[in-house]
Amino acid sequence: MASPSKFKISCIQLAVSSDKSLNLQNAKNKILEASKNGAKLVVLPECFNSTYGVQYFDRFAECIPNGESVKTLSAAAKEANVYLIGGSIPEREEPSGKLYNTCTVYDPEGNLIAKHRKVHLFDIDIPGKITFQESATLNSGNSLTCFDTEYGKIGVGICYDIRFPEMAMIAARRGCIAMVYPGAFNLTTGPLHWELLQRARAVDNQFYVATCSPARDTSASYIAWGYSTIVDPNGQILATTDHKEDIIYADIDLEHLKTVRQSIPIYNQRRFDLYPNVAENFKE
Ligand SMILES: O=C(O)CCC(=O)C(=O)O
């Protein structure tokens, strides 16, 4: 059977609390709701199962695949019959005990088909606004991630990873039709860069970009921006929301992607002879 040329993606902007069981149950209900509304690929937010913050990662961390979050997500993907990009959870690696910010991905049979450990840790210091140092407790992943579906390849990054265009570009050159980022920007960098980065990655690579944030909780120590968004290969916003709990939907249309790439053919016009290896070019 020919691959379908269009399918629905959905991002669940989940209200996340400090009660893990409640978060998992809420996520499962919303995954089933998105599926009933036609979604074939469902995305959860960064740190969807627990409170986000360096002081919380250890307390909430689980092993993969032997933790309760993986069990719940696998069952939810199967029951909903969807591909599921399971946001991220704090992961404890055994026996090293090292912690990671990790996204797990499931196929519609509930098989765990990919795992992305956040590659670029969120270490920033904007004086008077926000200081955050994920590397105080987390380790960074060492590989780039994409997975196959019958619709096409999908790339995955987590939040701060979106600031690194090289990662998205490699995904595009590997044939990805979309890059998906569970993420939780904040009240400083959200209004500054959240939408801009998504549209930039989409236009750079002429593919779809989707982001999925937790809903905003003003009583949390880290307040998420919200505004989960889906962008098309022209950089146009197909779906977005505000800061409250919500589910957004859009079609990923492979004919549209082809048309955009044919109309402005930068994909085939790159001068790799001039920039074969960007890092090498910095060496004098
Ligand atoms: O890049 C930013 O401004 C925010 C990143 C972030 O919140 C994260 O990586 O968790």
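Start by selecting Phe272, Leu274, Tyr275 and Val278: together they make a nonpolar surface patch of about 360 Å². Areas come from the Shrake-Rupley method with a 1.4 Å probe.

A word on what you have open: this is a predicted model, where local features need pLDDT of at least 70, side-chain atom pairs count only at pLDDT 80 or more, and totals for chains, interfaces and linings use all residues. Residues are numbered from 1 along each chain, and side-chain values use heavy atoms, with hydrogens and water left out.

Now click on Leu274, in the loop between α7 (266-269) and α8 (278-281). Helices here are DSSP runs (H or I, at least four residues), and strands are too (E, at least two). Leu274 counts as exposed because its relative accessibility is 54%, and exposed means over 50%.

Next, the largest pocket, with a volume of about 300 Å³. Of its 13 lining residues, Pro165, Glu166, Met169, Phe272 and Val278 lie nearest the centre. Colour α4 (165-173), α5 (189-205) and α8, which each give two or more residues to the lining; α4 gives the most, with five.

Last stop: β9 (residues 145-148), which pairs with β10 (residues 153-156) in the antiparallel sense over four bridges; pairing takes at least two bridges in DSSP. Phe147 stands opposite Ile154. In the hairpin, Gly152 takes a positive phi near 150 degrees.

Definitions and conventions. Patch = residues over 30% accessible without salt bridge, like charges linked within 9 Å, V, L, I, M, F, W, Y side chains within 5 Å. Salt bridge = Lys/Arg side-chain N within 4 Å of Asp/Glu carboxyl O. Buried < 20%, exposed > 50% of the residue type's maximum accessible area, 1.4 Å probe, protein only. 1 Å grid on protein atoms, 1.4 Å probe; cavity = no way out; pocket = protein on both sides within 12 Å on 5 of 7 lines; lining within 4 Å. Points joined across faces, edges and corners; volume = space filled by probe spheres on them.
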